[in-house]
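Here is a short briefing to read alongside the model. Have the sequence and the 3D view open, and let's walk through it topic by topic.

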Amino acid sequence: MPSIDDASVAVALGANQPSAVGSPRETLVAVRPLLEKLLRAWAGQELVYRWSSLHDTAPVGGPLDQPRYCNAVMLVEGLQAPPSVAAALELLNALQGLEQQFGRNRSQEQRWGPRSLDLDLLFWGELRLEHPRLQLPHPRLHLRRFVLAPLLEAMQGSAAP
């Protein structure tokens, strides 16, 4: 089982609004191969992926009447490049571009409100980052059961190239 101490990258996925491909669950299923392709291109190498199952969760924060979320976590192993600020920001840009492909418009949404796709970079090995656009590890990771349960599941799961 991998540990958070190695150079693994973890990405949380969530959705509670439909996208062009369908329901939040269908969105998370559809984004999986695209996310793997994105990470492979970003890293410039083959990687190992560990995925959690999809979790149905109650919203945390934001409007009280928003729909339930579908959440998952992807753990990426085998990165040869050491963690760096520039590479982490490059990955963040790529993740946000993928969100846009699934209909997310960050400039028009309410904080912690409904969204068609949310991709959060949770950590990259031991990299500590305090940047206006990105904090690593994710500052609320330890407070979010909807992230911790899928993360633990992905860490315990079998790896798939």
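Which residues in H1 meet which residues in H2? On the H1 side they are Val-31, Leu-34, Leu-35, Leu-38, Leu-39 and Trp-42, and on the H2 side Ala-87, Glu-90, Leu-91, Ala-94, Leu-95 and Leu-98. Please keep in mind that this is a predicted model.

**How the two helices pack**
- Two packed helices are described by the angle between their axes and the distance between the axes.
- Helix H1, residues 24-43, packs against H2 at an angle of about 150°, and their axes are 11 Å apart.
- Because angles over 145 degrees count as roughly antiparallel, H1 is roughly antiparallel to H2.
- The crossing of H1 and H2 is right-handed.
- Sorted by class, the contact of H1 with H2 has 11 nonpolar residues, 1 charged residue and no polar ones.

**The largest pocket**
- The volume of the largest pocket is about 700 Å³.
- Its lining counts 34 residues, and those nearest the centre are Asp-118, Asp-120, His-138, Arg-140 and Arg-144.
- Two or more lining residues come from each of strand E1 (9-15), strand E4 (69-77), helix H2 (85-101), strand E5 (118-124) and helix H3 (145-156).
- E5 gives the largest share of this lining, with 5 residues.
- By class, the lining of the largest pocket has 16 nonpolar, 8 polar and 10 charged residues.

**A cis peptide bond**
- Most peptide bonds are trans.
- The bond from Leu-136 to Pro-137, however, is cis, with omega near -10°.
- Pro-137 itself sits in the loop between strand E7 (135-136) and H3.

Key:
Residues numbered from 1 in each chain as written. Predicted model: local features only at pLDDT ≥ 70, side-chain atom pairs only at ≥ 80, totals over all residues. Heavy atoms only, no water. 1 Å grid on protein atoms, 1.4 Å probe; cavity = no way out; pocket = protein on both sides within 12 Å on 5 of 7 lines; lining within 4 Å. Points joined across faces, edges and corners; volume = space filled by probe spheres on them. Helix = DSSP H or I, 4+ residues; strand = E, 2+ residues; numbered from the N terminus. Nonpolar A, V, L, I, M, F, W, Y, C, P; charged D, E, K, R; others polar. Axes fitted to C-alpha atoms, helices over the stretch in contact; angles between N-to-C directions. Parallel < 35°, antiparallel > 145°, perpendicular 65-115°, else oblique. Left-handed = near helix turned anticlockwise from the far one by under 90°. Contact = heavy atoms within 4.5 Å.
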